[in-house]
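Keep the structure open in a viewer and follow the selections below in order. Each stop says what to select and what is there.

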Amino acid sequence: MDEIRNRLLNCLDRNGIDFSDETQEIDSISFITVIVDIEREFDIEFPDEYLVMDSISSFDKLYEIVSMLVDTKKFVG
């Protein structure tokens, strides 16, 4: 597994989010908490268009967004 994937899984685990449990629902407080944790972990900022619950409806979607933001940061920064 790559570093981004491992760090992202750790963030989710710290916040009690398990995408293997398909019955788990994420409330708005948990959503904001995990987004802030991910932003701190990767020193990134989610653009407003990704601050919707659908952005973390699956691990793959979230991983894709975080990877893109990390890559953009490397390119710009």
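Select Arg 7, which counts as partly exposed because its relative accessibility is 25%; buried means under 20% relative accessible area, exposed over 50%, and partly exposed in between, with a 1.4 Å probe and protein chains only. This is a predicted model, in which local features need pLDDT of at least 70 and side-chain atom pairs count only at pLDDT 80 or more, while totals for chains, interfaces and linings use all residues. Residues are numbered from 1 along each chain as its sequence is written, and side-chain values use heavy atoms, with hydrogens and water left out.

A salt bridge here is a side-chain nitrogen of Lys or Arg within 4 Å of a carboxyl oxygen of Asp or Glu. Glu 3 and Arg 7 are 4 residues apart in helix α1, so about one helical turn separates them. Helices are DSSP runs (H or I, at least four residues), numbered from the N terminus. Glu 3 is exposed, at 55% relative accessibility.

Now select Glu 41, whose side chain meets that of Arg 7 in a salt bridge (2.8 Å, N to O). Because Glu 41 lies in helix α2 and Arg 7 in helix α1, the pair ties together parts that are 34 residues apart in sequence. Glu 41 is partly exposed, with a relative accessible area of 28%.

**Stop two: Arg 14 and Asp 37**

Select Arg 14 and Asp 37, a salt bridge with its closest N and O atoms 3.1 Å apart. Arg 14 lies in helix α1 and Asp 37 in helix α2, so this pair ties together parts 23 residues apart in sequence. Arg 14 counts as partly exposed at 48% relative accessibility, whereas Asp 37 counts as buried at 18%. Salt bridges that share partners join Glu 3, Arg 7, Arg 14, Asp 37 and Glu 41 into one network. The structure holds 4 salt bridges.

Select Gln 24, in the loop between α1 and α2. Leaving aside neighbours within four places in sequence, Gln 24 is in contact (heavy atoms within 4.5 Å) with Gly 16, Ile 17 and Asp 18.

Finish at Glu 39, in helix α2 (residues 28-42). What is the nearest side chain of opposite charge to Glu 39? That side chain is Arg 40, 7.2 Å away, and Glu 39 is buried yet has no salt bridge; Lys and Arg count as positive and Asp and Glu as negative, with His and the chain ends not counted.

Methods:
Helices (H or I, at least four residues) and strands (E, at least two) are DSSP runs, numbered from the N terminus.
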